[in-house]
Amino acid sequence: MQRSGGLQRKFFIALLIVGILPGIAALIATYLYSTDSLKHSIGSGFQEIARSTAIRIAAAVDTEIDRAARLAIVPVLVRHIVEAANRRYVGKDEEAIRHLLATAAAWPREQAISGLPPAAVAQTTAYLKEWARETGAYVRVVITDKHGVGVASTDPRTPYLNADQEWWQEAFKESHGGAYVSTLRHDRILNEYVFDVAVPIFDGTLDEPIGVVGLLIRRDVLMNTILPIRIGQTGHGMLLDTEGTPLICPVLPPTAHLIHQALLNRLARDKPLWFVVDDDAHGGRDSIVGAAPVLFAHKLSAASLRGERWFAFVRQQPEETYAPIYSLLVTVGLIGFGLVVGLASLGFIVGRRIVSPILALRREAEALRRNVAALPEPAASPATETPAPLAIRTGDEIEDLASTFHALRRSLENSLSTVKTQQEELIRREKLASVGQLLAALAHDLRNPLGVIRSSAQLVVEGQQTDAVKQEVAHYIIDEVDRLTHRINDFLRYARQKPPEPKRIPPEALAQAALWQWKTQGGLERLTLHTDFAPHLPEVSVDPDQIKEALVNLLINAREAMPEGGRLSVTTRAGERGSVEIEVADTGCGIPRRHLDRIFEPFFTTKEYGTGLGLTNVKRLIEDNGGTLEVRSEEGTGSRFVIHLPPA
């Protein structure tokens, strides 16, 4: 018996009532998802701004150190005059030198430099003034001898004796290439903020310092790197130290506020980051901020920056930051409300259009039931219990459709039971085999490190151990945990295949970055490293992080292949048809010929502690970036891995 009517009316009423709830849920879900995405987008932007700000600050300071270092090697006007000033002390003992300095310090300033022609001092002073005038950022430029006596200075108020000054003491004890940089301080005479940069002066032999170049620099050098940073109307950058002091803040003076410890603990990290903070020290709540450490290219003395670190900090008023989010919420709310109203208005028409297809579907289902029932029963089909009719009592077309599909299900279940059972069994076996292989490899690599960690921990627990033994055991545990982390990372890299993000980069830069990361891992005492980077090679367009990861893996394999020491070579050169080649070669144990065809297979390894995924990941990373990997190896002689990359 077929029924008509009823479904269209029920569909309209149900759509009107139920449509409101999903609309509200969709509105909330859209808001939460969009808010989270927008926060990540804004936070990533703030992090990048903080990173670039930190780079500019470090570059500004490094530039001043480089200028001071270049000034220190000017032969006639700086180094020679300092050498001449130091000749006063030749043949004198310490007591005589102290008497000489004390006596000279009491002379008038223009007579204080004994043993130097006034014309030479005047010429050097004029040179320093002209040199300082190039940037206009210097309050004072001073040249001292090896006892801190001011040989020449752009400021007549410069003290005659400077040996008791921190900038002189820190710079004079630094080796070649070292420097001293003070933190920002307020100069009461100038009524502005300044900082010191000092480097040692060496003679031609570079054996020991003969004097110091000292620069007193205005804060404007650093301010000029931060003031241009504007994010909207209220966003700005800052320079902080690890005591929470805002050294540079375009909004508030340094003494007006301090960064509280909770915020300082979160931003003081070794890499750029962003986060949401309850209080951003500027009155903002739930603010998105970015931070990055200032990393200098030059080696600084221990007392530089007052023993603290500098960090770039970027923030914006939360009202401005979240304005797009609030606008999005209003927009999504209006759209959602409009959709619900429109859906309810069209409910009656949609209900009418749905009833006709349901009737047609019922007829098709009945025809399908008859066709399936005519098929022969499978011989291996197991006996199944006939399902009970579906208990649907709607009094409309849906009840007829349910009855028809019940009959269809009863006919199909017997015919498809065997196929379904076999399919499920096959899928289950394939999953178990794949998981079993992965777990076997993982368990093999985890068992030994876990055993070492357990035995090391048990050694500490049992009995009284000396501090030396405890320290050695702690190192064992750290090493094994690092090994576990390395293995797990191999599995994660194998499982997560991230697409490359290509950038144009010189091949030498790729090799240098990989060597630097590899060297930080240690274990190089018995190795001889040789590098040969061909000049003028074309740039390549690759993902630098992925190619660097592949090179580091090859370098680690080379080091492990030479436990007794050997020669490791890294070469960049031009290849065939304009390609670029990066070669990593070692003089280790080599790879047996029977294993060469399998070294790139997942989970294949001849090491007792390996995952068998290292070279698999290397090959995949290189091929994902459009390159190829070639291996040449001879057992007992060594191995050569050559990466071929197309030019950009």
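I began with Phe172 in this predicted model, and I noted that Phe172 counts as partly exposed because its relative accessibility is 23%, which falls between the 20% limit for buried and the 50% limit for exposed. I then looked up Trp168, which counts as buried because its relative accessibility is 7%.

Next I turned to the aromatic pairs, of which I recorded three. In one of them, Trp131 and Tyr138 are stacked, with 5.3 Å centre to centre and 20° between the planes, and both Trp131 and Tyr138 are buried. Another is formed by Trp168 and Phe172, which are also stacked, at 4.7 Å centre to centre with 10° between the planes. Back at Trp131, I found the charged end of Arg67 sitting over the ring, 4.3 Å from its centre.

I then moved on to strand β1 (residues 138-145), and asked how many of its eight residues are buried. Eight of the eight are, so I wrote down that β1 is largely enclosed by the rest of the structure.

Last, I traced the partners of β1. Strand β6 (residues 209-218) runs antiparallel to β1 and is joined to it by seven bridges, while strand β2 (residues 150-153) pairs with β1, again in the antiparallel sense, over three bridges. I followed Val142 to both sides: its bridge partner in β6 is Gly214, and in β2 it stands opposite Ser153. The hairpin of β1 and β2 has four residues between the strands, and there I noted that Gly148 takes a positive phi near 80°.

Note on methods:
Residues numbered from 1 in each chain as written. Predicted model: local features only at pLDDT ≥ 70, side-chain atom pairs only at ≥ 80, totals over all residues. Heavy atoms only, no water. Buried < 20%, exposed > 50% of the residue type's maximum accessible area, 1.4 Å probe, protein only. Helix = DSSP H or I, 4+ residues; strand = E, 2+ residues; numbered from the N terminus. Pairing = 2+ DSSP bridges. Phe/Tyr/Trp six-rings, centres within 6.5 Å; stacked < 30°, edge-to-face > 60°. Lys NZ or Arg CZ within 6 Å of the ring centre and 35° of its normal.
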